[in-house]
Protein chains: 2
Amino acid sequence: MCQLLGMNANVPTDVVFSFSGFACRASEHADGFGIAFFEGRGVRCFVDAQAANVSPVADLIKTYPIRSTDVIAHIRKATVGQVALENCHPFTRELWGRYWVFAHNGDLKDYRPRLHSHFRPVGDTDSERAFCWLMQELAKSHASLPSPDELTRTLRELVPQVARFGTFNFLLSNGEALWAHATTKLQYLVRQHPFSHARLQDADMTLDFAQLTQTGDRVALIATEPLTANEHWTPFQCGELKLFVDGQVVEVA
Amino acid sequence: MCQLLGMNANVPTDVVFSFSGFACRASEHADGFGIAFFEGRGVRCFVDAQAANVSPVADLIKTYPIRSTDVIAHIRKATVGQVALENCHPFTRELWGRYWVFAHNGDLKDYRPRLHSHFRPVGDTDSERAFCWLMQELAKSHASLPSPDELTRTLRELVPQVARFGTFNFLLSNGEALWAHATTKLQYLVRQHPFSHARLQDADMTLDFAQLTQTGDRVALIATEPLTANEHWTPFQCGELKLFVDGQVVEVA
């Protein structure tokens, strides 16, 4: 299985601290990694078929503080699809003049959706097929970019149609909002004023966010397993889809 | 104006040497850079809004030898579109289950093509509009991925329709072939057996390719200005579109 890390913030924020802890998990998930950063409408996605604990690309991410409002990262243990660059998450597509980034944890058994439109998988993972299908169905449902709330309502109809094929924990973002869905394992945390220190679960690193933040800053972190040992992470319920905007959970009627 | 660098090879080859020379030109083209590497069907695209001579991302590219058969790099001096990540070349889209990468040098005046299909620009450059239009028209011309020869014939019809708006030097690749088109400035070089040493034009660096290559290796390099001082670069004719496959020019009837 793979592991996911997501971040959604109300001001551009770097993920050096969180990614450093996350990358430690790569010894068990050694079949590549990837991380995508939205900066405004632009996105940059770093992928490597090497493990995140040895990859020079991951070293860059750990030392170059890229400030972003939406980040999606993934470390991979190959189950479906060979170890190759085209099978590394996150995947990216353009829809309605925005980039969309997707990463998945889980297996979708015998998942062969009807891809009759213009989103086609390049690699051979179940994950990329699911992403292409979601993009296709979103494109059919809306003529142009709808609000995050509207998109959440559409995703609520679409996601269960994929989830019945297996485990479908995923992160999806268009740089404006981040959606997280869990069928088995996903936890989240909102960091906001008053900030204090955080201690990584997987590495001997502590950071005092009170020193680094402004009062109004707010950051949501989403991960397969809690990244920090001394903060309260909230587990997702089975089948729960959450919308994150500006570093917090938005409830959609 | 910007500068372009392309590579097409018959075996996965790194571009550390060529990129090191190319990045020296960034002092005059300081508004970001980008480089995309095809590895099999997969592609990874590194972009930074910082100049290639100071960017930590460019440092990684100069020290981490990524082996690829098709590379497209670009250093940018902003003329149209602000300095922002979404305006950094190369641009990437998926079509027929393959990634397509595009970078452009030149200005297209008042270029507002009719984009009625599903390829939409995310940023606000003339270049990305041209790429979206080419993708749209290629998608209309072929139901599935045609051969490089077929695509060349289609591009011959499409490219002049863009080029009449201004300067349209570009590089395009799907990882199987690389197309280069010049209206003003582009030069190329094929390196093959017997290999010898090459000396960079822009930096005090010499490399003896005879030490690093096998007899059958073949690499084509395409650049706005010759990258090496002691090799014979061939200038493109105005309006010339060339197809590169396996490190050599392929003539298409």
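**Figure 1. Surroundings of Glu94(B) in the predicted model.** Leaving out residues up to four places away in sequence, Glu94(B) touches Arg93(A), His118(A), Phe119(A), Arg120(A) and Val122(A) of chain A, together with Tyr99(B), Trp100(B) and Phe119(B) of chain B, where contact means heavy atoms within 4.5 Å. The model is predicted, so that local features need pLDDT of at least 70 and side-chain atom pairs count only at pLDDT 80 or more, whereas totals for chains, interfaces and linings use all residues. Residues are numbered from 1 along each chain as its sequence is written, chains are lettered from A and ligands numbered from 1 in the order in which they are written, and side-chain values use heavy atoms, with hydrogens and water left out. Glu94(B) itself belongs to strand 5 of chain B, residues 91–95; helices (H or I, at least four residues) and strands (E, at least two) are DSSP runs, numbered from the N terminus. With a relative accessibility of 6%, Glu94(B) counts as buried, the classes being buried under 20% relative accessible area, exposed over 50% and partly exposed in between (1.4 Å probe, protein chains only). Between the C-alpha atoms of Glu94(B) and Gly247(B), which are 153 residues apart along the chain, the separation is 23 Å.

**Figure 2. The relation between chain A and chain B.** Chain A is superposed on chain B by a rotation of 180° with 0.0 Å of shift along its axis, at an RMSD of 0.0 Å, and this is the relation of a two-fold axis. The superposition is by least squares on the C-alpha atoms of residues with pLDDT of at least 70 in both copies. Because 100% of the interface residues of chain A are also interface residues in chain B, the copies meet through the same surface.

**Figure 3. Cys132(B) in helix 3 of chain B.** Cys132(B) is found in helix 3, which covers residues 126–141 of chain B, and is buried, with a relative accessible area of 0%. Not counting residues up to four places away in sequence, Cys132(B) touches Arg93(B), Leu115(B), Phe119(B), Arg120(B) and Pro121(B). From C-alpha to C-alpha, Cys132(B) and His118(B) are 8.7 Å apart in space, and 14 residues separate them in sequence.

**Figure 4. Helix 1 of chain A.** Helix 1 of chain A, residues 16–23, has 8 of its 8 residues buried, so it is largely enclosed by the rest of the structure. The buried residues of this helix are Val16(A), Phe17(A), Ser18(A), Phe19(A), Ser20(A), Gly21(A), Phe22(A) and Ala23(A).

**Figure 5. Leu227(B) and its contacts.** Leu227(B) lies in the loop of chain B between strand 12 (218–223) and strand 13 (234–235), and is buried, with a relative accessible area of 1%. Apart from neighbours within four places in sequence, Leu227(B) is in contact with Leu5(B), Ser18(B), Phe22(B), Arg25(B), Arg199(B), Leu200(B), Gln201(B), Asp202(B) and Trp233(B). By contrast, Gln82(B), 145 residues from Leu227(B) in sequence, is 28 Å from it in space, C-alpha to C-alpha.

Figure 6. Most residues other than glycine have a negative phi, and most peptide bonds are trans. In chain A, the peptide bond from His193(A) to Pro194(A) is cis, with omega near -5°, and Pro194(A) is found in the loop between strand 9 (187–192) and strand 10 (197–199). In chain B, the bond from His193(B) to Pro194(B) is likewise cis, with omega near -5°, and Pro194(B) is placed in the loop between strand 9 (187–192) and strand 10 (197–199) of that chain.

Figure 7. Although Asp110(A) is not a glycine, it has a positive phi of about 50°; Asp110(A) is found in the loop between strand 6 (98–105) and helix 3 (126–141) of chain A and, at 72% relative accessibility, counts as exposed. Asp246(A), also not a glycine, has a positive phi of about 55°. The place of Asp246(A) is in the loop between strand 14 (240–245) and strand 15 (248–250) of chain A, where, at 40% relative accessibility, Asp246(A) counts as partly exposed.
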